[in-house]
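Hello,

Here is the structure I said I would pass on. My notes follow it.

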Amino acid sequence: MSKTGYRIVLLPGDGIGPEVVAQGRRLIETVARTFGDQVTFEEHRIGGAAIEAEGTPLPRTTVEAARGADAVLLGSVGGPEWDHLAGDKRPEAGLLGIRKALGVYANLRPVRAYRPLLRSSTLKPEVLEGVDLLIVRELTGGLYFGDKRREEGPGGVRVVDELVYTTPEIERIVRLAFETARNTGRSVTSVDKANVLESSRHWREVVDRVARDYPEVPYRHMLVDNCAMQLIRDPRQFGVIVTENMFGDILSDEAAMLTGSIGMLPSASLGSGAGLYEPVHGSAPDIAGRGVANPLGTLLSVAMMYQYSLGRPRVAEAIVAAVERALEDGFRTPDLAGEAARVCGTDEMTEAVLERLQIVPE
Ligand code: IPM
Ligand code: MG
């Protein structure tokens, strides 16, 4: 069901975060004008920006606002100025904290090889043509959230990062992956390290059990090291990839290279409450403030927001189509440049997408 009044919380964060979130906002405002939607934006701090202003990477006001929103759009967190900080003092703790606070256990990262960008990748176009896969990354468990310890002993330091998963945590993410695969006519590849890890062996058992409820969905298990190789060797073999938090983090950066640039990848993080939408790229401090960041990962994240949180799947499709047309017409931010016709900045790229947006009122 689509609504006509939304509360969107914007969390620009650090580096290029504010620049790309501003473009996401422009897109939401444009769509709202078409439908006559009432949108309220509320902006809050997270990450390094919050450390500087409020002394903590995740202020309480940020969490409360996000919890009460229809959807949250986040830029990125982190930067060299906070590299000396440890653990829960770091900007990244703000990001992990908001994911946990919103209970967004399912991180969807679609990876699509846009035809006009086939030559922007370092891989051969014939390997990439037609790639359209979805990484479903578990987002609130595993190594990221296990106990961490540092013990000073006579023989030196002993460090511990625990990898914990419970059956329900595995089951809900695996079920979501199978549901998505069924709805989109894809196969499931469950990725683990079952030849070494106990958690992976249990993950496999749960996958086998859940799979029985989806007899029409082809599925298989794959070891993570093999998956890393197969993604580059023959990425078209993948439909939905479901995996635990850390493996999903690593494989999604690798898979981003199938699109030509990490700047292309959007994500949706879903749970039972407000959805959290963020481009997969980081804060890119080296290009921050120069107006050259690729806004497409964010605009495509806004598309996912329309699909999963705002009940307007047609708008989501229209945004993806507009991005594709802008690319076809030769618009390229520097990260995609290659042999491009028109190297453009962040604003101009967004403008190109907005001009090509054809929204059919639903
Ligand atoms: C991502 C990022 C984050 C993660 C970092 C910034 C904590 O790499 O969203 O993929 O590891 O989840
Ligand atoms: Mg990452």
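**Strands and a helix pair**

Strand E5, residues 132-138, is largely enclosed by the rest of the structure, because six of its seven residues are buried. Please keep in mind throughout that this is a predicted model.

E5 has pairing partners in two strands. With strand E4 (residues 106-112), E5 pairs in the antiparallel sense, over seven bridges. Arg 109 has Ile 135 of E5 as its bridge partner. With strand E10 (residues 240-243), E5 pairs in the parallel sense, over four bridges. Here Val 136 stands opposite Val 242 of E10.

Strand E8 (residues 188-192) is also mostly covered, with five of its five residues buried. Which residues lie on each face of E8? On one side are Val 188, Ser 190 and Asp 192, on the other Thr 189 and Val 191, and all of them are buried, so that both faces are covered. E8 pairs with strand E9 (residues 219-223) in the parallel sense, and five bridges join the two. Arg 220 in E9 is the bridge partner of Thr 189.

Now the helices. Two packed helices are described by the angle between their axes and by the distance between those axes. For helix H1 (residues 17-35) and helix H12 (residues 346-355), the axes come within 10 Å and cross at roughly 20 degrees. Because angles under 35 degrees count as roughly parallel, H1 is roughly parallel to H12. The crossing of H1 and H12 is right-handed.

Which residues make the contact between H1 and H12? From H1 come Glu 19, Gln 23, Arg 26, Leu 27 and Thr 30, and these meet Thr 346, Asp 347, Thr 350, Glu 351 and Leu 354 of H12. Sorted by class, the contact of H1 with H12 has two nonpolar, four polar and four charged residues.

H12 has its own list of buried residues: Thr 346, Met 349, Thr 350, Ala 352, Val 353 and Leu 354. What covers the buried residues of H12? The cover includes H1, helix H10 (296-308), helix H11 (313-328) and strand E13 (331-332).

Regards

Key
Residues are numbered from 1 along each chain as its sequence is written. Chains are lettered from A and ligands numbered from 1 in the order in which they are written. This is a predicted model: local features need pLDDT of at least 70, side-chain atom pairs count only at pLDDT 80 or more; totals for chains, interfaces and linings use all residues. Side-chain values use heavy atoms; hydrogens and water are left out. Axes are lines fitted to C-alpha atoms, for helices over the stretch in contact, and angles run from 0 to 180 degrees between N-to-C directions. Angles under 35 degrees count as roughly parallel, over 145 as roughly antiparallel, 65 to 115 as roughly perpendicular and the rest as oblique. A crossing is left-handed if the near helix is turned anticlockwise from the far one by less than a right angle, and right-handed if clockwise. Contact means heavy atoms within 4.5 Å. Ala, Val, Leu, Ile, Met, Phe, Trp, Tyr, Cys and Pro count as nonpolar, Asp, Glu, Lys and Arg as charged, and the others, Gly among them, as polar. Buried means under 20% relative accessible area, exposed over 50%, partly exposed in between (1.4 Å probe, protein chains only). Two strands pair if DSSP finds at least two bridges between them.
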